[in-house]
Amino acid sequence: MTFLPQAARSLRTISHVRAAIPRPGATRVLPMITIQRRLLSEDLRARIEQDVKGNNMIVYIKGTPDAPQCGFSRAVVQMLQAEGVRAYAYINILENEEMRSGLKEYSQWPTFPQVYVKGEFVGGCDIVMGMSKSGELTTLLKKEGIVSADAEGQSETSS
């Protein structure tokens, strides 16, 4: 019996919404309302900041450096290897949905991987790729001591 009143309330709500929609030829404009759900708790923010500031370099990645789970993650791993970066912290964001969602809010960057150097957000795959092509990535990594100044910046090849 409680279903009928709930259904009636829903219909009233729908009819009120329809009444607010301008009819053809009307010039009334309704304001747009944006609702954003906050995904980043203070505990998660503290954990991310500890990870980002506690590591010289950290990459939030889909998968692991040894087994990336998407092409963009694989591309970033390969670029870092080509620059001579042999060790860095990483977190597999596929293992923790809260971390994955919270990082998007923390960095205000919607995609993964996300690369941080010395506590600063560098960017995702497209930014890192652009920096790699322009030489900015090499300069940054040497300046911040991630790779040695005499690193050749080329990946190892197998013989």
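Modeller: Let's start with helix 4, residues 97-107: Met 99, Ser 101, Gly 102, Leu 103, Tyr 106 and Ser 107 are its buried residues. Keep in mind that this is a predicted model.

Biologist: How should I read a list like that along a helix?

Modeller: The general idea is that an α-helix has 3.6 residues a turn, so residues three or four places apart point the same way. Now look at this helix: Met 99, Leu 103 and Tyr 106 are among the buried residues of helix 4.

Biologist: Let me take the helix partner. At what angle do the axes of helix 2 and helix 4 cross?

Modeller: At roughly 75 degrees, with the axes coming within 10 Å. Angles from 65 to 115 degrees count as roughly perpendicular, and helix 2 and helix 4 are therefore roughly perpendicular to each other. On the helix 2 side, the residues that meet helix 4 include Leu 44, Ile 48 and Val 52. Helix 4 meets them with Glu 98, Met 99, Gly 102, Leu 103 and Tyr 106.

Biologist: And the ends of helix 4?

Modeller: At the start, a side-chain oxygen of Asn 96 lies within 3.0 Å of the backbone nitrogen of Glu 98. After the helix comes Gln 108, which has a positive phi, near 55 degrees.

Biologist: On to the strands, then. How do I read which way side chains point?

Modeller: In a regular strand the side chains alternate between the two faces of the sheet. Take strand 1: Met 57, Val 59 and Ile 61 sit on one side, Ile 58 and Tyr 60 on the other, and all are buried. Five of the five residues of strand 1 (57-61) are buried, so the strand is largely enclosed by the rest of the structure.

Biologist: Which residues pair up with strand 1?

Modeller: Follow Val 59. Its bridge partner in strand 3 is Val 115, and in strand 2 it stands opposite Tyr 90. Strands 1 and 3 run antiparallel, joined by four bridges, whereas strands 1 and 2 run parallel, also with four bridges. Met 57 has its own opposite number in strand 3, Val 117.

Biologist: How does the chain get from strand 1 to strand 2?

Modeller: Look at helix 3 (residues 71-82): together with strands 1 and 2, helix 3 makes a right-handed β-α-β unit.

Biologist: How many residues lie between strand 3 and strand 4 in their hairpin?

Modeller: Two, and Lys 118 in that turn has a positive phi of about 50 degrees. Strands 3 and 4 run antiparallel with three bridges, and Val 115 stands opposite Gly 123 in strand 4.

Note on methods:
Residues numbered from 1 in each chain as written. Predicted model: local features only at pLDDT ≥ 70, side-chain atom pairs only at ≥ 80, totals over all residues. Heavy atoms only, no water. Buried < 20%, exposed > 50% of the residue type's maximum accessible area, 1.4 Å probe, protein only. Pairing = 2+ DSSP bridges. Right-handed = clockwise from strand over helix to strand, strands pointing away. Polar contact = N/O pair within 3.5 Å; in protein donor to acceptor, adjacent residues only side chain to side chain. Axes fitted to C-alpha atoms, helices over the stretch in contact; angles between N-to-C directions. Parallel < 35°, antiparallel > 145°, perpendicular 65-115°, else oblique. Contact = heavy atoms within 4.5 Å.
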